[in-house]
Amino acid sequence: MSETTLDTLRPGEAAHIIGLTPGHPLRRRLMELGFIRGAKVSVLRTAPMGDPVELRLGGTELALRRADLQSVRVRL
């Protein structure tokens, strides 16, 4: 299994969250949204210019900026 950040995944790919970068300004909010260790996250699609990225996390679909996804470490 390889480790990367969530911003590198393409539409249709899925991974499991390993953790969040300490000190990121949205770290607490991302954890409240369900970005916790072991959670499965799937990339649904990206906007035409590549930002934001639409994700499925559990039963929720949400869109986040690619810059914020750089702080989410995942395992494929």
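When I say contact this morning, I mean heavy atoms within 4.5 Å. With that settled, hello everyone, and let's go through the model.

It is a predicted model, in which local features need pLDDT of at least 70 and side-chain atom pairs count only at pLDDT 80 or more, while totals for chains, interfaces and linings use all residues. Residues are numbered from 1 along each chain as its sequence is written, and side-chain values use heavy atoms, with hydrogens and water left out.

Let's start with Leu6. Leaving aside neighbours within four places in sequence, Leu6 is in contact with Phe35, Val41, Leu55, Leu69, Val72 and Val74. That brings us to the core. By a nonpolar core I mean a set of buried Ala, Val, Leu, Ile, Met, Phe, Trp, Tyr and Cys residues joined through side-chain atoms within 4.5 Å. Buried is under 20% relative accessible area, exposed is over 50%, and partly exposed is in between, with a 1.4 Å probe and protein chains only. The largest such core has 18 residues, and the members that touch the most others are Leu6, Ile17, Phe35, Leu55, Val72 and Val74. At least two residues of this core come from each of strand 2, strand 3, strand 4 (53-57), strand 5 and strand 6 (72-75). As a general point, nonpolar side chains in soluble globular proteins tend to be buried together.

Now the sheet. Helices (H or I, at least four residues) and strands (E, at least two) are DSSP runs, numbered from the N terminus, and two strands pair if DSSP finds at least two bridges between them. What order do the six strands of the open sheet take? The order is 1-6-2-3-4-5, with antiparallel pairing. Strand 1 (3-5) and strand 5 (60-64) are the edge strands, each pairing on one side only. From one strand to the next the twist averages 40°; the axes behind that are lines fitted to C-alpha atoms, for helices over the stretch in contact, with angles running from 0 to 180 degrees between N-to-C directions.

Three bridges join strand 6 to strand 1, and four join strand 6 to strand 2, antiparallel in each case. Arg73 is the bridge partner of Thr5, and Arg73 also stands opposite Gly19. Strand 6 has a covered face, Val72 and Val74, and an uncovered one, Arg73 and Arg75. Further along the sheet, strand 2 and strand 3 (residues 40-46) pair over three bridges, again antiparallel, and there Ala14 stands opposite Ser42.

One thing to click on in the loop between strand 3 and strand 4 is Pro52. The peptide bond from Asp51 to Pro52 is cis, with omega near 5°.

On to charges. A salt bridge here is a side-chain nitrogen of Lys or Arg within 4 Å of a carboxyl oxygen of Asp or Glu. How many salt bridges does that rule give? The count comes to seven. Glu61 and Arg56 meet at 2.5 Å, N to O; Glu61 is partly exposed at 43%, and Arg56 is partly exposed at 36%. Arg29 and Glu32 meet at 3.5 Å, and they are three residues apart in helix 1, so about one helical turn separates them. Arg29 is partly exposed too, at 46%.

Then there is Asp68, in helix 2 (residues 66-69). Is Asp68 buried or exposed? Asp68 counts as buried because its relative accessibility is 7%. Its side chain forms a salt bridge with Arg65, 2.9 Å from N to O. Beyond four places in sequence, Asp68 touches His24, Leu26 and Leu30.

Let me finish with two of those partners. His24 lies in the loop between strand 2 (14-20) and helix 1 (27-32), and a polar atom of the His24 side chain lies 3.0 Å from the backbone nitrogen of Leu26. Leu26 sits in that loop as well, and is partly exposed at 30%. The C-alpha atoms of Leu26 and Asp68 are separated by 7.7 Å, although the two are 42 residues apart along the chain. Thanks, and I'm happy to take questions.

Methods:
A polar contact is a pair of N or O atoms within 3.5 Å; within protein, one must be able to donate a hydrogen and the other to accept it, and residues adjacent in sequence count only if both atoms are side-chain atoms.
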